[in-house]
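I set out to look up a few local features in this model. The entries below follow the order in which I consulted them.

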Amino acid sequence: MATDTAVMIELEPARSVSGLLKAPPNATAGFVMAHGAGAGMTHPFMAAVADGLAARRIATLRYQFPYMETGSKRPDRPAPAHATVRAAVAAAHELLPSLPLFAGGKSFGARMTSQAQAEAPLPGVRGLIFLGFPLHPARQPSDGRAAHLAEVTIPMLFLQGTRDALADRGLLVPLTDRLGAALHVFDHADHSFHVPVRSGRTDAQVLQALCDTITAWIGAVLGPAGSPPRTGRP
């Protein structure tokens, strides 16, 4: 089993954030994975996804946004968050030079990564993976937060729970159809991919399915020879 290696990601001279690299020796791709708004890169969900992907030959680089690094509860504004995403992708290219890279993350991290990609393509990133994209605030259904996604021209994968209060399915399904993006829904799962006992499934089973889905989608994007698809989306 691959272990976490602590790394530092430089944002600017004299300023950096922490990262955790998990790279199995036989890795076929890398995933630059940002955390959600309320918990950092060491949250059990983030660690479990990294472990599950490592077992499937996918390396991960988790990292902190500056506000989480300093212990603040207020998420960074978009500009510094986008700069952090870019710095993490650059670090991943240095740490995993032979691997094709994907980027994204959980909730806030997914949104900041997609905004950064929409503003200017993240160098060398083959696709974006969203673990619970926060389409709108709870009880305020709207797809306004997704307007920037029309500017993303690389493949996208949305992983969402059917009980996700931040992603109304009536809005999410037509959105992903318009974008030509892949959507995989997890029955009974909430925004944290937790499922109730009455669902007949466990959180661990959902996590395994989530990691299987990511791995299969990465394989489809890269194709049999590990090359990018001919068009912007698979």
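I began with helix α3, where I found Ala81, His82, Thr84, Val85, Ala87, Ala88, Val89, Ala91 and Ala92 buried (under 20% relative accessible area with a 1.4 Å probe, protein chains only; exposed is over 50%, partly exposed in between). Helices here are DSSP runs of H or I with at least four residues, and strands are runs of E with at least two, numbered from the N terminus.

I noted that the model is predicted: local features need pLDDT of at least 70 and side-chain atom pairs pLDDT 80 or more, whereas totals for chains, interfaces and linings use all residues. Residues are numbered from 1 along each chain as its sequence is written, and side-chain values use heavy atoms, with hydrogens and water left out.

I then checked the length of α3: its 18 residues, 78-95, reach 25 Å from first C-alpha to last, close to the expected 26 Å (1.5 Å times one less than the number of residues).

Next I looked up β1 (residues 4-12) and β2 (residues 15-22), which pair in the antiparallel sense over 8 bridges; pairing requires at least two DSSP bridges. Val7 stands opposite Gly19 in β2. The two strands form a hairpin with 2 residues between them, and Ala14 in the turn has a positive phi of about 70°.

Finally I examined Pro155, which I located in the loop between β6 (125-131) and β7 (156-161). Pro155 counts as buried because its relative accessibility is 2%. Pro155 and Arg126 lie 7.2 Å apart, C-alpha to C-alpha, although 29 residues separate them in sequence.
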